[in-house]
Amino acid sequence: MELHPALFVDKYELTMAQTYFFSGRAELPACFDYFFRTLPYEGGFLVFAGLGDLLELIEEFRFSQEDLAFLERDGFRSEFLSFLEGFSFRGSIYSFREGEIAFPHEPILRVEGSLLETQLIETLLLAVLNFQSLIATKAARVRLAAGERVVSDFGLRRAHGWGGIMASRAAVIGGCDSTSNMEAARRYGIPAVGTMAHSFVQSYDNELEAFREYARHNPDSCILLVDTYDTLGSGIPHAITVAKELEAAGHRLRGIRIDSGDLAYLSRKARRMLDEAGLTHVKIAVSNQLDERVVKSLLEQGAPIDIFGVGTRMVTGQPDAALDGVYKLSMCAGRPRMKISNTIVKTTLPGRKRAVRYANGDGGWVADGILLADEEGTHTIHHPYEPGKKLCVRDFETEELHHLVMEEGRRVGPAPTVQEIARYARERLAALPPEYKRFEYPHIYKVGVSRALRHLRDEIMAPYISREEEDV
């Protein structure tokens, strides 16, 4: 299935673009912000992911003759289609580094360019960043639960179609060590892993024959699936027999995998049987509807598990269906813009902005601030929506979170590998204090706005608030 990046849009973006074109507004300078309002999984942080894929897709954002013919059939006007024939994104993007830890209301991306071009990439941007950030955050939670044990992405067969490719990328950024997804492994350089399915064992007349044949052809990468029939009664005993035969031939069984049943109980029994047979080196892998809470529970029960194969619940972002990331206009034609809503948290922040992170002398993060882009700094940050709440940040160390990642439509600097992004994400998550990483009732990380930004917002809102009061 071929993806046409330029048609990865909702129709309203094209109808608005056509209107801008014919009304002479297409080239007005504009700025959009990408941010989210609610953390997924009732958690305390988000792992920002998807930037690398997004920048690549924006560079490829061109309308082919096939695309234009489709748009003509759909009723778009010929003059506008002639314009699209030579269209490419020529704007600039300022962004958090991919793998950064982010929090609600922060402008993670600032997109600058013409009104038409910044509007056209909206759906592509949201689809990529929302999905990959959701999955990367889920994987990071699994990693927190698993500690230093191996975690592998097993989710492709349950993923949302081709979204499984991006899901595997995001899972590795969030903390997975490897994937079963061969296309993601090829595309992103991720280590690929795989064992066997129950159907392989079932295809032979008996389990021991299946294990022997698999080991004969995979002597140095052999992990045997032991729960097709009777995990303790036949699966593990047969695996021990094959392990001894491999050792006699100069090889070693790498592991066994349990895919059903009481994983805590079975893994403890399996470890005892393997150790008694002198197979202390054989690893125990488990799979079957795992997520961060199941992994945490298994380890709290003392399950001697070495490898977790995590699938459905990670690559589909369960129990959350989506991240509520949005893309909102903040500047147009040299004037700050904002959306005003009766629901205060849906009122957006106007103007070109940047984000900074404040840390104490020990490097521990204290809060993030949202400032106007041309502000030198601020001594105090204020809660975005609750008057009276503020924090003095005068004495804290300051780190700029935005970086220029695209200029005149081209990526700035070399693209980091998925492994480099994953290392960065892990370093940043390690810097986040533990109270924000717990699964139950995590602390709420402070994100505030500068006095100048708050004043600009209130100034723009004032006439509308007055009208509402007059109506009452």
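**A guided tour from Thr316**

Begin by selecting Thr316, which is buried, with a relative accessible area of 12%. The model on display is predicted. Thr316 belongs to the loop that runs between helix H14 (312-315) and strand E12 (326-332). Show its side chain: the backbone oxygen of Thr312 lies 2.5 Å from it. Next, display Ile135, Arg158 and His160, with which Thr316 is in contact once neighbours within four places in sequence are set aside.

Stay in this loop between H14 and E12 and move to Pro319. The peptide bond leading from Gln318 to Pro319 is cis, with omega near 5 degrees. Most residues other than glycine have a negative phi, and most peptide bonds are trans.

Ala333, although not a glycine, has a positive phi of about 55 degrees. It is located in the loop between E12 and strand E13 (335-336), and it counts as partly exposed, at 37% relative accessibility. Glu408 is also not a glycine, and its phi is positive, at about 50 degrees. Look for Glu408 in the loop between strand E19 (403-407) and strand E20 (410-411); with a relative accessible area of 63%, Glu408 is exposed.

Now turn to the sheet. Colour the six strands that form an open sheet with parallel pairing, in the order E7-E6-E11-E10-E9-E8. At its edges are strand E7 (178-179) and strand E8 (223-225), each of which pairs on one side only. Within the sheet, select strand E10 (residues 283-286) together with strand E11 (residues 307-310), which pair in the parallel sense over two bridges. Val286 has Phe308 of E11 as its bridge partner.

Select helix H2 (residues 51-59) next. Is this helix enclosed or open? Eight of its nine residues are buried, so H2 is largely enclosed by the rest of the structure.

Finally, colour the chain by its annotated ranges. An unreviewed UniProt entry gives the annotation "domain: Nicotinate phosphoribosyltransferase N-terminal" for residues 7-130. Over residues 152-349, the chain is 40% helix and 14% strand, and 40 Å separates the end C-alpha atoms.

Conventions. Residues are numbered from 1 along each chain as its sequence is written. This is a predicted model: local features need pLDDT of at least 70, side-chain atom pairs count only at pLDDT 80 or more; totals for chains, interfaces and linings use all residues. Side-chain values use heavy atoms; hydrogens and water are left out. Buried means under 20% relative accessible area, exposed over 50%, partly exposed in between (1.4 Å probe, protein chains only). Helices (H or I, at least four residues) and strands (E, at least two) are DSSP runs, numbered from the N terminus. A polar contact is a pair of N or O atoms within 3.5 Å; within protein, one must be able to donate a hydrogen and the other to accept it, and residues adjacent in sequence count only if both atoms are side-chain atoms. Contact means heavy atoms within 4.5 Å. UniProt positions are given in the numbering used here, feature names are shortened, and annotations may be inferred rather than shown by experiment. Two strands pair if DSSP finds at least two bridges between them.
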